[in-house]
Amino acid sequence: METVLTRDCSATAIPAGDAVTLGKGTQVFIAQTLGGNVTVRTDRGLFRIASFDVDALEGVELGEADAAGVDSGESLEDQVWGALRQCFDPEIPINIVDLGLIYDLRIEDAEGGQSSVFVKMTLTAQGCGMGPVIAEDARTRIQQLDQVAEATVDIVWDPVWNPQMISEEGRKILGIT
């Protein structure tokens with residue numbers, strides 16, 4: 001879908017991860033709308049527009065999505081996994097869990113009956129500048145859960161990611177067997 005920006009808009013250049021401003025009137029082609037964020041293509045390349053700036057896209061409404069993507073009746077661990085499933089690589093239409101990027105999830109008791117959550121994740125490529133953006137998206141979504149006092153998401157490189165780490169569900173989405 002092609003559209004235009006109705007105002008100046010903050011974005012993140014893909015794959016460099018640099019913060020940029022796309023100017024009002026910029027023509028964009030929407031490549032992906034997952035997890036509340038939008039990946040657009042312009043004559044300058046690919047960019048990720050965060051959910052809070054989607055209103056800058058003329059005629060685009062993503063609807064009301066559950067920010068955490070979880071059921072508060074689930075266990076905290078299930079809620080955290082649900083939050084992580086709402087995070088997407090802006091170039092690949094698979095969430096970071098099914099993409100095989102989550103290596104470790106640990107939950108510890110914190111003060112006031114809340115918990116601290118620690119996640120170790122990797123990326124599909126070590127040179128990807130989007131790593132900090134994806135990790136921050138994951139951390140923010142976890143942090144929004146009612147039972148979470150703090151969340152930490154660290155990027156690790158061991159073991160090195162490979163396509164065999166993609167889940168069966170992810171393989172179906174990509175059309176690979």
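## Cavity lining

The lining of the largest cavity divides into 4 nonpolar, 3 polar and 3 charged residues. The model is predicted. The cavity lining comprises Gln 32, Leu 34, Asn 37, Val 38, Thr 39, Arg 48, Phe 88, Asp 89, Pro 90 and Asp 137.

Two strands each supply at least two residues of this lining: strand 4 (27–34) and strand 5 (37–42). Strand 5 gives the largest share, with 3 residues.

## Cavity count and volume

A search of the whole structure returns 1 cavity of 30 Å³ or more. The volume of the largest cavity is about 70 Å³.

## Helix packing

Two packed helices are described by the angle between their axes and the distance between the axes. Helix 1 spans residues 76–84, and helix 2 spans residues 131–143. Their packing angle is about 140°. Their axes lie 9 Å apart. Angles over 145 degrees would count as roughly antiparallel. Helix 1 and helix 2 are therefore oblique to each other. Their crossing is right-handed.

On the helix 1 side, the contact involves Val 80, Ala 83 and Leu 84. On the helix 2 side, Ala 138, Arg 141 and Ile 142 meet them. By class, the contact of helix 1 with helix 2 has 5 nonpolar residues, no polar residues and 1 charged residue.

## Cis peptide bonds

Ile 14 and Pro 15 are joined by a cis peptide bond. Its omega is about 5°. Pro 15 sits in a loop. That loop runs between strand 2 (9–14) and strand 3 (19–22).

Asp 158 and Pro 159 are also joined by a cis peptide bond. Omega for this bond is about 5°. Pro 159 lies in the loop between strand 9 (148–155) and helix 3 (168–174).

Conventions: Residues are numbered from 1 along each chain as its sequence is written. This is a predicted model: local features need pLDDT of at least 70, side-chain atom pairs count only at pLDDT 80 or more; totals for chains, interfaces and linings use all residues. Side-chain values use heavy atoms; hydrogens and water are left out. Helices (H or I, at least four residues) and strands (E, at least two) are DSSP runs, numbered from the N terminus. Axes are lines fitted to C-alpha atoms, for helices over the stretch in contact, and angles run from 0 to 180 degrees between N-to-C directions. Angles under 35 degrees count as roughly parallel, over 145 as roughly antiparallel, 65 to 115 as roughly perpendicular and the rest as oblique. A crossing is left-handed if the near helix is turned anticlockwise from the far one by less than a right angle, and right-handed if clockwise. Contact means heavy atoms within 4.5 Å. Ala, Val, Leu, Ile, Met, Phe, Trp, Tyr, Cys and Pro count as nonpolar, Asp, Glu, Lys and Arg as charged, and the others, Gly among them, as polar. On a 1 Å grid over the protein atoms alone, a cavity is a set of points where a 1.4 Å probe fits but cannot get out, and a pocket is an open set with protein on both sides within 12 Å along at least five of seven lines; lining residues have an atom within 4 Å of a point. Grid points are joined across faces, edges and corners, and a volume is the space filled by probe spheres set on the points.
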